[in-house]
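Hello,

Here is the structure I promised to pass on to you. Have a look at it first, and then read my notes below.

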Protein chains: 2
Amino acid sequence: MSVKDRLIYLPLGGAGEIGMNCYVYGYGPEGEERLIVVDLGVTFPDMDGTPGVDLIMADVAWLEENADRIEAIFITHAHEDHVGALGHLWSRLRAPVYARAFTGAIARMKMEDAGQPLDAIRIVGPRPAVTEAGPFQVQFVPVSHSIPESAALVIDTPAGRVVHTADFKLDGSPVVGEPFDPELWHAIANEGAGVRALVCDSTNVFSPLPGRSEATLAEPIAELLKGQKGMVVATTFASNIARLKTLAEAGRAAGRSVCLLGRAMKKMITAAVETGILTDFPTLVQPEDAADVPRGSLMLIVTGSQGERRAASAQLARGKYLGLEMKAGDMFLFSSKTIPGNERGVIRVMNAFSEMGVDIVDDHGGLYHVSGHANRPDLEAVHDLMRPKILIPMHGEHRHLREHVKLGLSKGIASAIATNGTMLDITGDAPKLAGRIEAGRTYLDGTALLGAMDGVVRDRIRMALNGHVLVTILLDEDDRPLGEAWVDLKGLAETTRSGAALAEEIEGELTDFLDGAGPKVITNDDKIEEAVKRIVRQVTMEEIGKKPEVTVVISRLAVE
Amino acid sequence: MSVKDRLIYLPLGGAGEIGMNCYVYGYGPEGEERLIVVDLGVTFPDMDGTPGVDLIMADVAWLEENADRIEAIFITHAHEDHVGALGHLWSRLRAPVYARAFTGAIARMKMEDAGQPLDAIRIVGPRPAVTEAGPFQVQFVPVSHSIPESAALVIDTPAGRVVHTADFKLDGSPVVGEPFDPELWHAIANEGAGVRALVCDSTNVFSPLPGRSEATLAEPIAELLKGQKGMVVATTFASNIARLKTLAEAGRAAGRSVCLLGRAMKKMITAAVETGILTDFPTLVQPEDAADVPRGSLMLIVTGSQGERRAASAQLARGKYLGLEMKAGDMFLFSSKTIPGNERGVIRVMNAFSEMGVDIVDDHGGLYHVSGHANRPDLEAVHDLMRPKILIPMHGEHRHLREHVKLGLSKGIASAIATNGTMLDITGDAPKLAGRIEAGRTYLDGTALLGAMDGVVRDRIRMALNGHVLVTILLDEDDRPLGEAWVDLKGLAETTRSGAALAEEIEGELTDFLDGAGPKVITNDDKIEEAVKRIVRQVTMEEIGKKPEVTVVISRLAVE
């Protein structure tokens, strides 16, 4: 380690939000650090801020500019908010991608969907296997979470050891996958000089009680199913293989045939079986055969725990789906928690089922769902186990990061908030601000990639809030109006409260303006446009109280 | 009571949703029943379904058609979801409006804002005062809720007694206003033939524990404030006068000057003082003087508990507001619950405060907030107290109504779900379906009133999801294209992934089409428009994977 070398941490996503994880570590002389990227996740759009957008990803412009410095990309686990952007962004980074087998199988699907080379994905085993990536030596350490083969990363550098927890919980009996192993973590904390920096999940820092094990759900779910007479349908995240297993086993124990519905379910189970982590899943009925099973003997496990419009649960809420239909006396179980912001969609599905006479069962204070993240006392246990010099909370909104920093400081650990774009130097005893990167967001919109600040989505929001008025003006060879101005309304009331046609009211005012416009205005498109927009907004405000978006098209017959 | 007379119940809003309360009762021969309307409330728009809309109200078309049959309008209390539509809809109904004093003061403001006659509002006292309205004799019976002077209605008809609970809770010490009085309710249940039908609030039917009193909050809030060193800011609904009082008293007890911020606060306090229901509110500092008070001695009580963008809390979250500014070490208390669907806005405000270093305190499992609605055991207590023949749940989403019906049936009460537009005959021993009314929604949009099915808001949503392409085509005297087709994009990526300009790609295809179009097409605007839309969508889908909204303007120089 040269005196000038430094170890840096730079979140590009996930720090100041839950979702869209993307973290960068660097080691070397300032400005020439060799880099590794941890996770390339997505977050999901909503009508409020990103209407029409398909996926939201970190802006990797800084990484692209420094692509020659990137040694490797590590994917900690196969949740969309950790791997979902890989296919869309890989071609701009072009570094080898390391992951464990199950995660790698999902990563390969992402690459395939985006037409990227599959051999960029390299499967590595868990610790003690070590991946060398420039000055970094990286081990995947099994952690329990809500998807198989989740891994924390132990990142060794000449400046010391960083433990990047990724998403985790302390589960001694996770049903599928590796249990939390305190001895393993004790060893990691006590090798060499111990842990320089703990970069730690913050999602559940506000949950005051210790997290509960996935295994605690088996009995209540089995109990719930026993009493059911109609069809039983349950939903959870497709990637929660352990939960799928618990649900399916409860279904089988209650004498039901079990059928998985939804593309994501199939994908996940296939990946789990192919990579050998799922060996004893209950026998399934194929969707095309499910309709033949008497409904009292059938259990469906479906996608759509968050009320997503295209998922199987929403399809069933709207009526028939693959020949299957919910009826009075059936039960629908949400073995899931509603992620904040998804309430409207989930409630819509619940009420649709209610109208069908279906009994809805939800989380019920934890009987039928447990979180995949470490709660506050679990985080404290990990702080105590790792005894790091430095604590940097990640994966949380600002309020989570701040609370987690407070927790660290209360234990005497040098702790700091670093939100997306904040580069920290973590070479010394305490984290030090090393710079700020423009950390924006990139939208996948159809097949196009948009910058969040491009104005495209802003225009959509404005049209949605204010409506859109189109004005077409035709000017003849002498720059005189040819006919009246033509007005089209889209997303605006057509008649005013007095019963007049709004478009005609606007056309009248515009015609007056054009007839009276002097040569300096009428020969200048910019001046016409400016005046037309002002008039349209003014008339619309007077008539219906709205200030619309306006597009003006001026056609001139004059040959210029 | 003639043999042909019947008693009907018809919800137009609030049954199948929480909010927008509007219920109709009728008595008389079928189709000629004399009518009373209970409440004219609003519900609030969101980007998902109603972008740009200001307020959502029940469609009163059926009432308007039968306006000559309406005897009176009764307003149970002054919450927006019970009185908010009065000013906008009254001119279509033109019946006298009865309310208690505080409610009437707010109702008058609604009428004034909408330019409607104030003398339509008639103030009436609580039971034993009786309002005669055709065949109906109506008493306002004080109930405890989260606003002063809430009232249930006891509606006597020749067919028997209906108790319309409106929103209520069982609070023996509500801080401001009348406590729940079991003896009063006992008397109501036992007069004459007892209660024919109980039409009952369902909001909290899923809350398993008995509701808690407003009075339980005083101590925890006072305790919380004691330890604070910086400025303290608290938010709750402006109409919750009792809560404002509890908060203000806690502030004064902690030696702080108290200041109310936000227009709604001022309105509510003014109405409460003017109508004599608030006599001992702590002394307040005026907003213009608040900035002069040392921050450690200041408490603000502000609007915006639901994260509303224009409310005082959101303004403070964005920076200075009326010279006041939040700083590190200050505390912000949500003495409120987030209404499902408002999470995103509330979380946005929380994180903005977190970035300022402000400590955020929320509900904390009920320490700092109690609900204004009766929980499940409270509903059962009311069922037992009233012993109605018929139970009709109201004010709830479908799942709430259904659960409440189950509860009623489990007690042997004839119970039925009636969602908006469902007319029930409640003359007999059990409710009977008497018809269905088209029960839509009316949007206040700027100053215009839109029907929910007009397509205006649908167009906005489509523009927001898909973007908008405007095509202008100019045809000369011989129906030949004059220049190229002109394309404007709004809310769409301007460049394709290959780097080409999307507008130019579309223009090229359109020009090819126009040049090759035969006389049958080129002389027919409809055919041109149809083809142009198809081409625009096809090219846009190929180039950027989106299927946009398209507006086509065709200008012809030919004199027709």
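**Salt bridges and what else turned up**

By the rule used here, the count comes to 66 salt bridges over all chains, a salt bridge being a side-chain nitrogen of Lys or Arg within 4 Å of a carboxyl oxygen of Asp or Glu. Before going further, please keep in mind that this is a predicted model, in which local features need pLDDT of at least 70 and side-chain atom pairs count only at pLDDT 80 or more, while totals for chains, interfaces and linings use all residues. Residues are numbered from 1 along each chain as its sequence is written, chains are lettered from A and ligands numbered from 1 in the order in which they are written, and side-chain values use heavy atoms, with hydrogens and water left out.

One of the salt bridges joins Glu223(A) to Lys226(A), with the closest N and O atoms 3.5 Å apart. Why do Glu223(A) and Lys226(A) lie about one helical turn apart? Because they are 3 residues apart in helix α6 (residues 218-226) of chain A. Helices here are DSSP runs (H or I, at least four residues), as are strands (E, at least two), and both are numbered from the N terminus.

Now to the place where the chains meet. Chain B and chain A each bring 60 residues to the contact, where contact means heavy atoms within 4.5 Å. About 5400 Å² is buried between chain B and chain A, and carbon and sulfur atoms give 58% of that area. Buried area is the accessible area (1.4 Å probe) that two parts lose on being put together, summed over both. Met47(B), Arg344(B) and Lys490(B) supply 13% of the area that chain B buries against chain A, more than any other three residues.

The rule finds 12 salt bridges across the interface of chain B and chain A. Among them is the one between the side chains of Lys490(A) and Glu549(B), at 3.9 Å from N to O. Which element gives the most to the side of chain B that touches chain A? That is α11(B), with 8 residues. By class, the side of chain B that touches chain A has 24 nonpolar, 16 polar and 20 charged residues. Ala, Val, Leu, Ile, Met, Phe, Trp, Tyr, Cys and Pro count as nonpolar, Asp, Glu, Lys and Arg as charged, and the others, Gly among them, as polar.

How are the two chains related? Chain B superposes on chain A by a rotation of 180° with 0.0 Å of shift along its axis (RMSD 0.1 Å), using least squares on the C-alpha atoms of residues with pLDDT of at least 70 in both. That is the relation of a two-fold axis. The same surface serves both copies, as 100% of the contact residues of chain B recur in chain A.

Finally, some backbone details. Most residues other than glycine have a negative phi, and most peptide bonds are trans. The bond from Arg127(A) to Pro128(A) is cis, with omega near 20°, and Pro128(A) sits in the loop between β9 (121-123) and β10 (131-133) of chain A. In chain B, the bond from Arg127(B) to Pro128(B) is cis, with omega near 15°. Met20(A), a residue other than glycine, has a positive phi near 55°.

Best wishes
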